[in-house]
Amino acid sequence: MVAGRRIDVVYNNAGAVRWGAIDEARYADWAFTLRSELDPVFLTTKHAWPHLKRRGGSVINVASTAGLRGSVTNKRVAHSASKAGVIGATRQLAAEGAAHGIRVNAISPGMIDTEGGQELIADPAHPMHRIAASVPLGRLGTPADVVNVALFLASDKAAYVTGANIVVDGGWSAVLPGPAA
Amino acid sequence: MSGHEPRAGRLAGKVALITGTGGGMGRAAAILFAREGACVVGCDLDPETSDETVEQARAGGGQMTATAPVDLGDPDSAADWVNQAAAAHGGIDVLYNNASAIRMAPIDQLSVADWRFTLRNELDTVFHVTRAAWPHLVARGGGSIINVGSIAAMRGVEFTEQNAHSAAKAGCTALTLQFVAEGGKHGIRANTISPGLIHTPATDPVISHPPELFQRLVLDRIPLGRVGRPDDVARVALFLASDESEWISGANIVVDGGLTTLG
């Protein structure tokens with residue numbers, strides 16, 4: 001935090017997750033995931049708020065299609081809860097920020113091919129490989145696919161967009177799983 | 001097109017069809033898309049406003065043609081307009097289903113004719129136009145379809161007689177999802193923009209002279225403190241038309257100044 005300067009954009013992107021089916025996941029894994037994915041949205045935004053108020057600004061929260069849908073293959077109850085929490089927090093922050101010219105929006109990525117994701121899908125038998133085939137646009141996303149949306153939301157091109165959740169998932173959550181899934 | 005330098009801009013090289021280019025949001029999109037290097041093909045029911053839009057797009061150095069009047073609620077007229085555009089420019093990259101005409105009355109007073117008018121001119125049009133454009137998008141190897149939903153498809157409003165409009169716009173929003181499913185394997189993506197209250201010639205009467213309830217319960221409550229401008233929507237349409245959004249399909253981007261977050 002730089003004293004005396006303003007902040008224009010906050011991109012709440014960081015997160016870490018522990019997977020686990022509901023009957024196997026430990027409470028510590030649940031708490032870790034919520035602390036790592038949901039708490040930072042509150043803490044970072046709260047402390048940036050006085051600086052954002054100086055001239056207005058744009059807060060962008062990274063949610064997930066996991067916050068909108070369940071998965072039979074991906075054991076992620078904590079992740080789904082934290083990401084749905086991010087979406088809910090986004091709407092409330094939009095309501096509280098608007099009078100100060102602070103816009104708050106969420107991006108909900110689908111399956112993105114990142115280094116973290118690589119670890120998950122290194123096993124060729126992992127269901128993720130089938131999932132790429134069932135994405136309507138036929139591929140996993142790239143970091144650039146998400147960053148382009150963040151750039152848009154951070155810019156004045158999105159001057160009238162607040163409280164929105166932009167899904168970036170190649171059409172995955174728009175459709176029921178197809179034959180390849 | 002011969003003799004022109006390659007166009008710069010976020011839509012450089014793209015053929016973009018936009019319906020309803022005489023009106024507020026359609027005009028803003030046509031001008032913006034043309035400025036960003038698209039070859040814009042428009043249409044409208046009103047020749048005068050349609051021609052004005054073409055003049056303004058060209059005055060900005062952009063490339064645009066338009067046909068008016070075109071009744072997109074007539075399937076043959078819609079197909080003719082689409083096929084002529086594809087033939088003139090070698091294909092279609094972007095389809096922005098913007099055109100709309102509505103009639104409003106309380107549910108117990110709305111005539112059957114007015115219900116059908118609204119569904120015809122907001123929902124049937126999307127079917128007729130997209131059906132005609134589909135083979136051209138497939139032949140192109142894909143493209144971007146942008147449908148216009150509305151906050152009316154998400155919320156009811158006690159004192160706004162939007163019953164038929166809500167139904168039509170919910171239909172448009174659902175159609176988008178099905179275009180996603182059917183279009184994916186062809187590289188066709190489809191997304192919805194859901195505008196809130198936007199100041200256009202059509203909404204000017206109620207925004208310039210708002211009834212007391214409307215002022216107090218809608219206008220005064222918009223979190224970002226103003227009604228939307230056509231450009232607010234056009235800029236989002238530009239993003240969805242451009243390659244920057246090439247992996248976004250099935251999204252519904254609400255552009256309402258935060259109004260629907262409240263409740």
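Tutor: Start with the core. Of the 110 residues in the largest nonpolar core, A16(B), L17(B), F33(B), V40(B) and A237(B) touch the most other members. This is a predicted model: local features need pLDDT of at least 70, side-chain atom pairs count only at pLDDT 80 or more, and totals for chains, interfaces and linings use all residues. Residues are numbered from 1 along each chain as its sequence is written, while chains are lettered from A and ligands numbered from 1 in the order in which they are written.

Student: What makes a set of residues a nonpolar core?

Tutor: The members are buried Ala, Val, Leu, Ile, Met, Phe, Trp, Tyr and Cys residues, joined through C-beta atoms within 7 Å. Buried means 20 or more other C-beta atoms within 10 Å of the residue's own, with C-beta atoms placed from the backbone.

Student: Why is β2(B) called largely enclosed?

Tutor: Strand β2 covers residues 39–43 of chain B, and 5 of the 5 are buried, so the rest of the structure largely encloses it. Strands here are DSSP runs of E, at least two residues; helices are runs of H or I, at least four. C39(B), V41(B) and C43(B) point one way, V40(B) and G42(B) the other. In a regular strand the side chains alternate between the two faces of the sheet.

Student: How do you know that β1(B) and β2(B) pair?

Tutor: Pairing needs at least two DSSP bridges. β1 (residues 15–19) of chain B has 5 bridges to β2(B), and the two run parallel. A16(B) stands opposite V40(B). On to β3 (residues 63–67) of chain B: β2(B) joins that strand, also parallel, over 5 bridges. There V41(B) has T65(B) as its bridge partner.

Student: What makes the crossover from β2(B) to β3(B) right-handed?

Tutor: View it with the strands pointing away from you: the path from the first strand over the helix to the second must run clockwise. The chain passes from β2(B) through α2 (residues 47–59) of chain B to β3(B), and this β-α-β crossover is right-handed. β1(B), α1 (residues 24–35) and β2(B) also make a right-handed β-α-β unit.

Notes. A residue is buried if 20 or more other C-beta atoms lie within 10 Å of its own, exposed if 12 or fewer, and partly exposed in between; C-beta atoms are placed from the backbone.
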